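Reader: I have a new structure open and would like to learn how to read it. Where do we begin?

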Amino acid sequence: GNELRSQAINTINSRKLSVVKMPGRLEDMWASDVFTLNKMQECLPKSVFKSLHKTIRSGEPLDGSVADVVAVAMKDWAISKGALYYSHMFYPLTNATAEKHDGFISVQSDGTVISEFAGKVLVQGEPDGSSFPNGGIRSTFEARGYTAWDVTSPAFVMETDNGVTLCIPTVFVSWTGEALDKKTPLLRSNAAMSKAATRVLKLLGYSEIATVNSSCGAEQEYFLVDASFASVRPDLLLSGRTLFGKAPAKGQQFDDHYFGAIPERVQVFMQDVEEKLYRLGIPAKTRHNEVAPGQFEIAPFFEAANVASDHQQLIMTILRNTAKRHGFVCLLHEKPFAGVNGSGKHVNWSVGNATQGNLLDPGDTPHSNVQFLVFCGAVIRGVHKYASLLRAVIASASNDHRLGANEAPPAIISVYLGEQLQDVFDQIVQGDVTGSQSKGVMNLGVDTLPVFPKDPGDRNRTSPFAFTGNRFEFRAVGSGQSVAGPLVAMNTVLADSLNWMADQLESQLAEGIDLNVAIHAILKEVMTDHGAVVFNGNGYSEEWHKVAVEERGLPNLKTTADALPVLQQEYIKNLFEQVGVLSPVELASRFEAYSEQYIQSIEVEAKLVVSIAKTIIYPAAMRYLSELSTTIANAGAIGIELDKESATKVAMLAKSMMDAVTQLIDILSKHSFPSTEDHMQFCAKTVRPLMDTVREYADALEGEVADDLWPLPTYQEMLFIK
Ligand code: ADP
Ligand code: MG
């Protein structure tokens, strides 16, 4: 093979497994690095703890005098864990986590130092965040963004090679109070949903109603590639995906990876990740191989949405960092390898509270479970009415490669309900609710196996938004995306639907209509107007795409360029403003920031395509061509006529590739566009297809050029060598 590639393979073959530590006792590891409520209770004066606890439950800002006491306790705890620094962690409008580190050190007038951490630093830090995307909310001269501890998400210490740091999850707002981050809207959306849910529950006749909270359990898919391969693939390093690469002879067609044993090296890596997560109080629960070779999944147990979202960010960080220590690169890109399954992040979401439990739990007899029907109906209405918004919040240049590919849900947002619930809602529409189909039993046809009760929310893997027994699973979310955006959208559309239902109920009750009659009338209206979004069939089929768009009128926003402009529409502006989740200015800033990210990521990739094609692939092709033509000429000189076909083919492919590269360079020099929307469409319709054209020729060359001259690690090598 080629020298670069051989070196990489040698490095991999001589890698030693990291020493497997005996896993510690879960009870000892669990949340040992978190300043938990229990720890706070132990070290805070009773009155201070009580006030803090109340703030945590109500989500109100922390009282200044309380903050001082909490800060000192937090600092002492962190120092006892070896921390010298603290960091406000916040979640800017990228999918990343941002941190700014500050020392506890404070120099006294006599030159001695003490460690100091005052309450005002806890509730209000002031990072210089001017370089974070903010969609124009803050002009740079007023570049002041404040971070403040979100008391509902506990502080923790993180150990890295640079030492131990106290990390404080924070919101990030401008000096005028506008949300510059993903956490602030998530907190607001949860509050809006809680308020609306409480309104509805009161009308249903409940009196003691605890705060309603949304929950989230996010399944994370990822790829592992050996670091020595990645280091010689500029595309993987810079864009997180392969921009070139011929499909391997063996792909995932054997379906042998999904249930396969986890390779030992990967298992050691996973164990390391899990230990770190446990120490941070993140309930990692399942791990397994995914469909594609080299693809894996980790899923934690669900938690309150806000905490789950912070934890999800940590999971992504820890996966990436830990992979490095094990000689891997962890790819969170939605489609790192063309022709191979992509990676998603299934966001499981529900709402509930201490008095009612899980509000999306149908129980055994959903037809008579009014609370469930109302909340489930509200979700259906919300997803139908705001399907375009749900598409917009999962839009990114990278997720565009995955949505609508053969293994991922289509860009058409529909709801899967399953047989039993479909039947109940059909009965509601017909106006005669008689009962629930029994769950049924699954007879496995093997006598020695027990008969399993059939899951009423039977699995449908092709639906972007599936009811899965006691929650919805938003499956179109991308593997690299923050879950905050999708959670904000789900909470917000649910709040809107619940408010609408409360309005309807109030007016019908005022007319003296019986509660049950009113509820059925409202649900009937919901299903009549919004039932078109429910689809239990195969979401991958051509037929569905036709039916969805032509008969049911569901939007099919194929690319990010089509989806993001939804954020500018009037009804979306009204939605966010009415429930108090995003002001029009905040919403506009999101459109700006995300459009810019889309355009930039396509432009960066296009430039990479140009440079890799020109400086890596073309030279390899020319070397091979020269070898071939020299041999043909030499053979001719002694009277042997060799076939010229492959030389001609290499020459033609190389020329065609370079022609496409020239065109790509040319279109990349276009910089002025009438609008951001036009610029995005240009990226989607002109730049991307041309990148694909360059790739087609390059991948064809890979099939022609002598293996020992091919400079880029192949798909086969990257996917199968571990
Ligand atoms: P599957 O791969 O079959 O979808 P997993 O067990 O991998 O199932 O993931 C299911 C996820 O859904 C887990 O994170 C689980 O904690 C989460 N989940 C379960 N119940 C709820 C709920 N009420 N709200 C939110 N998430 C939930
Ligand atoms: Mg799932």
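**Domains, strands and a ligand**

Author: The C-alpha centres of domain 2 and domain 4 are 48 Å apart. Their contact takes five residues from domain 2 and six residues from domain 4. On the domain 2 side, three of the residues are nonpolar, two are polar and none is charged. Keep in mind that this is a predicted model.

Reader: Which stretches of the chain make up the domains?

Author: The domain assignment gives domain 1 as 22–181 and domain 3 as 218–353. Domain 4 covers 598–720. Domain 2 is written in pieces: 194–210 + 354–393 + 411–478 + 500–582.

Reader: Now the ligand. Which residues are closest to ligand 1?

Author: Ser 215, Gly 217, Phe 302, Asn 348 and Ser 350 are the closest, in a shell of 16 residues. Strands E8, E10 and E13 (345–353) each give two or more residues to that shell. By type, the shell holds six nonpolar, eight polar and two charged residues.

Reader: Which residues lie on each side of E8?

Author: One side includes Asn 213, Ser 215, Glu 219 and Val 225. The other includes Ser 214, Gln 220, Leu 224 and Asp 226. Both faces are covered.

Reader: How many bridges join E8 to E13?

Author: Eight, and the two strands run antiparallel. For a landmark, find Glu 219, which stands opposite His 346 in E13.

Reader: What about E8 and E10: how many bridges are there?

Author: Four, again in the antiparallel sense. Gln 220 has Ile 298 as its bridge partner. Glu 221 stands opposite Glu 297.

Reader: Which residues does E8 face in E11 and E12?

Author: Take E11 (residues 303–304), which pairs with E8 in the antiparallel sense over two bridges. There, Ser 215 stands opposite Ala 304. Ser 215 is also one of the residues closest to ligand 1. Next comes E12 (residues 328–331), joined to E8 by four bridges and antiparallel to it. In E12, Cys 330 is the bridge partner of Leu 224.

Reader: Back to E10. What does E10 form with E9?

Author: A hairpin, with five residues between the strands. E9 (residues 284–289) pairs with E10 in the antiparallel sense over five bridges. Ala 284 has Pro 300 as its partner. In the turn, Gly 294 has a positive phi of about 80°. As for cover, E10 spans residues 295–300, and five of its six residues are buried.

Reader: How should I read a positive phi?

Author: Most residues other than glycine have a negative phi. Now look at Ala 31, whose phi is positive and near 55°. Ala 31 sits in the loop between helix H2 (26–29) and helix H3 (37–43).

Reader: How many other C-beta atoms lie within 10 Å of Ala 31?

Author: The count is 17, so Ala 31 is partly exposed. Compare Val 517 in helix H16 (residues 515–530). Val 517 has 10 other C-beta atoms within 10 Å, so Val 517 is exposed. The C-alpha atoms of Val 517 and Ala 502 are separated by 14 Å, with the two residues 15 apart along the chain.

Reader: And the nonpolar core? Which residues touch the most other members?

Author: In soluble globular proteins, nonpolar side chains tend to be buried together. Here the largest nonpolar core has 202 residues. Those that touch the most other members are Val 225, Val 383, Leu 487, Leu 564, Met 657, Val 694 and Leu 701. Helix H20 (residues 584–637) gives the largest share, 15 residues.

Reader: Which residues does Val 383 touch?

Author: Leaving out residues up to four places away in sequence, Val 383 touches Leu 390, Ile 413, Val 415, Phe 465, Val 493 and Val 533.

Conventions
Residues are numbered from 1 along each chain as its sequence is written. Chains are lettered from A and ligands numbered from 1 in the order in which they are written. This is a predicted model: local features need pLDDT of at least 70, side-chain atom pairs count only at pLDDT 80 or more; totals for chains, interfaces and linings use all residues. A residue is buried if 20 or more other C-beta atoms lie within 10 Å of its own, exposed if 12 or fewer, and partly exposed in between; C-beta atoms are placed from the backbone. Two strands pair if DSSP finds at least two bridges between them. A residue is near a molecule or strand if its C-beta atom, placed from the backbone, lies within 6 Å of it. Ala, Val, Leu, Ile, Met, Phe, Trp, Tyr, Cys and Pro count as nonpolar, Asp, Glu, Lys and Arg as charged, and the others, Gly among them, as polar. Domain bounds come from an automatic or database domain assignment. Two residues are in contact if their C-beta atoms, placed from the backbone, lie within 7 Å. A nonpolar core is a set of buried Ala, Val, Leu, Ile, Met, Phe, Trp, Tyr and Cys residues joined through C-beta atoms within 7 Å.
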